[in-house]
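Open the model in your viewer and keep the sequence panel beside it. The stops below each give a selection and then what is found there.

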Amino acid sequence: MKQMSRRIAAFIVVTLVLALPFAVAHIRLRAQAQSAAPASPAPPAQSSSGLQLDAIDRSVDACTDFYKFACGNWMAKNPVPADRSSWGRFDELQERNNETLKKILEGAPGADAGSRKIGDYYASCMDESAINAKGAAPLDPLLKKVAALTSANALAPLVAELHTIGVKPFFNFGTEADFKDASVEMAIADQGGMGLPDRDYYSRDDAKSMELRKQYVEHVGKMASLLGDPADRAAKSAEAVMKIETALAKAALDVVARRDPNQIYHKLSAAELQKLTPQFQWQQYFTGIGSPPIYALNVTEPDFFKAMGQTIADTPLDDLKAYLRWHIVHASAVILSAPFVNENFRFYGTQLTGAKELRPRWKRCVQYTDSDLGEALGQAFVKEAFGPQAKADTLRMVHELEAALEKDIRGLAWMTETTKKEALTKLQAISDKIGYPERWRDYSALTISRGDALGNSQRSNAFEFRRNLAKIGKPVDKTEWEMTPPTVNAYYNPLENNINFPAGILQPPFYSAKADAAVNFGGAGAVIGHELTHGFDDQGRQFDARGNLKDWWTPADAKAFEDRAQCFVDQYSSLTAVDDVKLNGKLTLGENTADNGGLRISLMAYLARAAKEPTGTIDGFTPEQRLFLGWGQVWCDNMRPELARMLAQTNPHSPGRERVNGVVSNMPEFQKAFACKAGSAMVRSTQCRVW
Ligand SMILES: [Zn+2]
């Protein structure tokens, strides 16, 4: 099951294995937290073109605020539901996908083993009265092991056991391609062990941040009380947890620094790691997790591990135990009895992200089943929701987008021939993955027992953890997916140089076989362009055609790129996310570059197709206008201020409004399509452009 801690990490980064921000660059990281939708999501558009005509606010001038023009009526009619922190057209689509998953799960268990597993998992999660009757009892075996700990030096085997089942104290561990030899899997140890979304949450000194820290300590204390601690002991435990996590946070890298792959690549031998952290017995840890022999690994941030060792040494044993108890209950809360679920929601759902009500149980259970048995459930989803026509159409668009990017690169005035040649080699090497994996994951080694919701979750985590560890030292399998098929998202993986589009996003409003091509190019086409250009953004450009971290740029071309990128940094840094919080132009640089490049490439590709298959005005809009509206309407969205604040501080993506207005105001093509006068808000005096 997707635990809260993992879901919080998913705001910042989304990988199932290890949370590394550069590893996959997503079109969007969504608030998947405890938030829900209206009972009946809006149906796909009823129009000739595929646009949502009743979303458009015609009282607004497209040249003044294109986002409001494209989405104004939708926004007025779609306030954020009580059980959500935000509500947008991505969510409408995810909600439709979830309805499909619900039908599948309610129809399971069927005859085959995969269907039986997803059916049993879902039914166990749905059996709230059985879960409530058990209370905190399912945690007893783990809590007893913590209580039996005799010294800090004996931590490693217990931490190994906890990591295996999805509890994440101190750090994260997994496997990833070696940055410098991306054909081989290597073990990786990364910063972690914090319950707040990012290290800066432990140090910001504005009033809101200080209040949130107070609420967090209170939450940690309440969870300890729910485990049976008397009030004074619970309060003391919470203070101890805060102290340990603050020490870890102090030594952790910030979200911007972590975008630089060179700052999070430090290949050490196991002996060197042991020397760095003498207070933690790594060989015992490796034995405990059952990994293949580890001779070398990426210790992303050596300073973090040094500080972690010191923190372990400096902390009284009882406080270390309080910290482990907290992480056990934190990771398990969403699948425990109601008091745990509600208290977890009170902090992470309400205080942190602004939702008012818990989502209906079935929605949470669908989400956990997708998270833990995603390729068993996804197989059934693909059968229901993704046909050969969608796959063929998407592939055709991908090829058209790749041709457009090639043309764009060849025509760049700022790049020399030497670097262009390398860029084209990289572009040609990109592989395209569409819809779902060619080989489905084999879950036969995983036991799912009806009536054991927490056990199912822990065994699923252990299955996934061990499946990944078994790869260490082996060739990278680039056919694997890091997102499940029903996911409304997409990603580029710089270490594999591939683009990935789950079946879940290849649906309206992104793509429809019935929609006009211009609208499809504004939606799915721009998503494809977005992912393609990630191979050439501030992170992606540092990896070569084979996924190796290797500089293929001449110094002059690198400088020219950085000058152009700085234009985006300045542009987006000047925008306000919420209240006093500005966007972080450096944090969002890669995504903003991808949005700007992606829409331009998609327009180029569309115009090439339209030259062969011309269309005229449909629904009152020219082809170019429909493409821009297609893009704009994908981002219609309402968001609570709490979530807007959190995303501005942690998420590499800009808010929907800026993903639309920020991009179109950089494009002379937009100005022409809507006949905007110079000086209009949607016509910037300085227009930024990289690709
Ligand atoms: Zn992206």
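This is a predicted model: local features need pLDDT of at least 70, side-chain atom pairs count only at pLDDT 80 or more; totals for chains, interfaces and linings use all residues.

Start by selecting residues 181-191 and 296-299, strands β4 and β6: they run parallel and are joined by 3 bridges. Strands here are DSSP runs of E of at least two residues, helices are runs of H or I of at least four, and both are numbered from the N terminus; two strands pair if DSSP finds at least two bridges between them. Within this pairing, A187 stands opposite L297 of β6.

Residues are numbered from 1 along each chain as its sequence is written, and side-chain values use heavy atoms, with hydrogens and water left out.

Next, show F170, in the loop between α7 (155-164) and β3 (171-178). F170 is not a glycine, yet its phi is positive, about 70°. Is F170 buried or exposed? At a relative accessible area of 1%, F170 is buried (under 20%; exposed is over 50% and partly exposed in between, with a 1.4 Å probe and protein chains only).

Then go to N497, in the loop between β8 (491-493) and β9. N497 also has a positive phi, near 50°, and is buried at 0% relative accessibility. Move on to P509, in the loop between β9 (498-502) and α20 (517-534). The peptide bond joining P508 and P509 is cis, with omega about 10°.

Now select the aromatic side chains. Rings of Phe, Tyr and Trp (its six-membered ring) pair if their centres lie within 6.5 Å; planes under 30 degrees apart are stacked, over 60 edge-to-face and the rest tilted. The count by this rule is 41 aromatic pairs. One of them, Y436 with W440, is stacked, at 5.8 Å centre to centre and 5° between the planes. Y436 is partly exposed at 26% relative accessible area, and W440 is partly exposed at 25%.

Last, select F171, F173, F280, W282, Y285, F286, F304 and F305, a cluster linked by ring pairs.
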